[in-house]
Amino acid sequence: MSLWELLILAVGLSMDAFAVSVCKGLSVKKLKAKHMLTVGVYFGGFQALMPLLGYILGIQFQSMIQQFDHWIAFVLLVLIGLSMIKESREEAENLNDSFSFMTMLPLAVATSIDALAGGVTFLQVNIVPAISFIGATTFILSAIGIRIGNIFGAKYKSKAELVGGVVLILMGVKILLEHLGVLDMIFG
């Protein structure tokens, strides 16, 4: 996986966290740097942890799934993408202005479940740089998201989820076409 592909995947996976960060920004009357740091650490940390867990699970079953891992990656990324597109059309969640552990933990887990499934697709990837990059990207986008939410409101939440969903679907299609040799036939 190239650096550009990893960046696209990281941005796609971080769109849920970005969207929730925008909503958290709506709920904060006076945004402080500690709010941006808290959101970034929770969402970025879980966005790094979940693909690692998915990768570990994938390694356990690698010999069983190696001949059709490209289909698994395709299906998982398309399902995650479709789910994000569906969420982009739903009403915004009502989030409170708390940044406590009991508030942030469920949000961090919920926004990173797709990354768990994505981690299963990382069997051919150097996992430590990949999860570090995904975590850092999510950290940055979450911190930006809370600021945007605080300034501009919920205007960007659904657009972020829609774009993230489309990106993940396109990545799944690319993985499948690449493995089937279609891209080599087209681009020679």
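Ala160 lies in helix H7 (residues 157-180), where helices (H or I, at least four residues) are DSSP runs numbered from the N terminus. The model is a predicted one, in which local features need pLDDT of at least 70 and side-chain atom pairs count only at pLDDT 80 or more, while totals for chains, interfaces and linings use all residues. Residues are numbered from 1 along each chain as its sequence is written, and side-chain values use heavy atoms, with hydrogens and water left out.

With a relative accessibility of 8%, Ala160 counts as buried; the term means under 20% relative accessible area, with exposed over 50% and partly exposed in between (1.4 Å probe, protein chains only). Leaving aside neighbours within four places in sequence, Ala160 is in contact with Met15 and Phe18, contact meaning heavy atoms within 4.5 Å. Asn150 is 10 residues from Ala160 along the chain, and the C-alpha atoms of the two are separated by 16 Å.

Helix H6 (residues 127-152) is the place of Ser142, and Ala130 is found in helix H6 as well. Ser142 is buried, at a relative accessible area of 0%. Once neighbours within four places in sequence are set aside, the contacts of Ser142 are Ala17, Phe18, Ser21, Val39, Gly40 and Phe43. Ala130 also counts as buried, at 1% relative accessibility. Not counting residues up to four places away in sequence, Ala130 touches Leu6, Phe122 and Val125. Although Ala130 and Ala10 are 120 residues apart along the chain, their C-alpha atoms are separated by 8.6 Å.

Turning to aromatic rings, a search of the whole structure finds one aromatic pair. The rings of Trp71 and Phe74 have centres 6.1 Å apart and planes at 90 degrees, so the pair is edge-to-face. Trp71 is partly exposed, with a relative accessible area of 41%.

A charge is also found over a ring: Lys24 lies over the face of Phe99, at 4.6 Å from the ring centre. The criterion is that NZ of Lys or CZ of Arg is within 6 Å of the ring centre and within 35 degrees of the ring normal.

Definitions and conventions
Phe/Tyr/Trp six-rings, centres within 6.5 Å; stacked < 30°, edge-to-face > 60°. Helix = DSSP H or I, 4+ residues; strand = E, 2+ residues; numbered from the N terminus.
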